[in-house]
Amino acid sequence: MRKDLWVIHLDMDAFFAAVEQRDNPRLRGKPVIVGGSPGSRGVVSTCSYEARRFGVRSAMPSREALRLCPQAIFIRPNHAKYAEVGRQVRAIMRRFTDVIQPLSIDEAFLDVSGQDAVRVARELKEAIRSELKLTGSAGVSYCKFLAKLASDMEKPDGLTVITWERAQELLPTLPVRKLWGVGPASEQALNALGIFTCGDLLAYDPETLRKHFGKRADELVQLARGIDPRPVVPHREAKSIGEENTFPVDQTDREYLAGLLERYADDLARELQRQGLAARTVTVKIKWNVFVEGGARGGDFLQITRGQTLPMPTDDARTIGRAAREIFTRVEWEGRKIRLLGLSVHNLVKRGELVQAYLPI
């Protein structure tokens, strides 16, 4: 791990909802939900902090969000607008460093080694506030894991610094679910061993831990000690584009889920068009509510992926959505419930290359 590394993780606050509130003063201070209509089996993309106080969360069915917050204002997503604002945020980041690793449209890591990282984080936040009228929360630390952890500690509009000394105070009581890469299945497997905090993890017998989690055990122990050697990797050309959600409540409604895949297809098509790409393969990912023990990580929920190759690469939402629905209808459920649903597109080609490759000879 580099001793001179300083990382900022910037995470915009309630991004889609904040953009809508910025652009429409009548929405400010109101519980705003960006997503599908409660009457059309929609889901929540994101929501304002006013709505979160009622328990509304991303990926929640819109009808459930309406039940929790009857006074909520629902807005259909405007992905083209959010993408443009995301580019503006990225342009501000580039004033401070060229080493930027985007994680999504509204968050990224910045390598600011050799600079006063706290000063940079303050100036970055202020530039976004003054120029874009939006807020973001920043985490500053000597590694990516802790920078991301820090950015979530004082939301919204926070700035949290985790030094090595503070990490050693913070980590022993940190729940293991906060470790990078620990999802619900891994957390459940760790809890089954009596491991609930990083302190529990560090006190556990390493050999026994490896029997359950394989090489992943050593990675978890390193993170629990505050050690993360991963560098900030600048953006690279995408090999695939995808969207997925883990549901707060396991789902059984086939039509709702098929409609959700079509909404994913709309989002993926917009992103393909923005990047000037077309996709040849469509893949549906399903994770069931069935936990399977074993493997290097001690077990995980049963997961399948099913793909379909198209006759021609496309960036058309209807074509992608139709393929996704066809894949989904062929999946056998056998009485199981779905906890995660995803859609991705692969075998990407540039639009210019597409014209040449598929011209008739």
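**Figure 1. The three-stranded sheet of the predicted model**. In this predicted model, three strands form an open sheet in the order β3-β2-β4, and their pairing is mixed. The edge positions are taken by β3 (44-47) and β4 (73-75), each of which has a single partner strand, so one side of each is left without a neighbour in the sheet. On average, neighbouring strands of this sheet are turned by 30° against each other, direction ignored.

**Figure 2. Pairing of β2 with β4, and helix α1 across the sheet**. Strand β2 (residues 32-35) and strand β4 run parallel and are joined by three bridges. Within β4, Ile75 is the bridge partner of Val34. Helix α1 (residues 15-23) lies across β2, β3 and β4, and runs at about 120° to β2.

**Figure 3. The five-stranded sheet**. A further open sheet consists of five strands in the order β5-β6-β1-β7-β8, again with mixed pairing. Its edge strands are β5 (100-104) and β8 (159-162), each pairing on one side only.

**Figure 4. Antiparallel pairing of β1 with β6**. Strand β1 (residues 7-12) and strand β6 (residues 107-111) run antiparallel, and five bridges join them. His9 stands opposite Phe109, a residue of β6. Strands of a sheet pair through backbone hydrogen bonds, in either a parallel or an antiparallel manner.

**Figure 5. Helix α6 packed on the five-stranded sheet**. Helix α6 (residues 144-151) packs on the sheet and touches β1, β5, β6, β7 (136-141) and β8. The direction of α6 makes about 145° with that of β7. Helix α6 is mostly covered, with seven of its eight residues buried. The buried residues are Lys144, Phe145, Leu146, Ala147, Leu149, Ala150 and Ser151.

**Figure 6. The contact between helices α10 and α11**. The axes of helix α10 (residues 206-213) and helix α11 (residues 216-224) come within 7 Å of each other and cross at roughly 125°. Helices α10 and α11 are therefore oblique to each other. From α10, the contact involves Leu209, Arg210 and Phe213; from α11, Arg216, Ala217, Asp218 and Val221 take part. By class, the contact of α10 with α11 has four nonpolar and three charged residues, with no polar residues.

Note on methods:
Residues are numbered from 1 along each chain as its sequence is written. This is a predicted model: local features need pLDDT of at least 70, side-chain atom pairs count only at pLDDT 80 or more; totals for chains, interfaces and linings use all residues. Side-chain values use heavy atoms; hydrogens and water are left out. Two strands pair if DSSP finds at least two bridges between them. Helices (H or I, at least four residues) and strands (E, at least two) are DSSP runs, numbered from the N terminus. Contact means heavy atoms within 4.5 Å. Axes are lines fitted to C-alpha atoms, for helices over the stretch in contact, and angles run from 0 to 180 degrees between N-to-C directions. Buried means under 20% relative accessible area, exposed over 50%, partly exposed in between (1.4 Å probe, protein chains only). Angles under 35 degrees count as roughly parallel, over 145 as roughly antiparallel, 65 to 115 as roughly perpendicular and the rest as oblique. Ala, Val, Leu, Ile, Met, Phe, Trp, Tyr, Cys and Pro count as nonpolar, Asp, Glu, Lys and Arg as charged, and the others, Gly among them, as polar.
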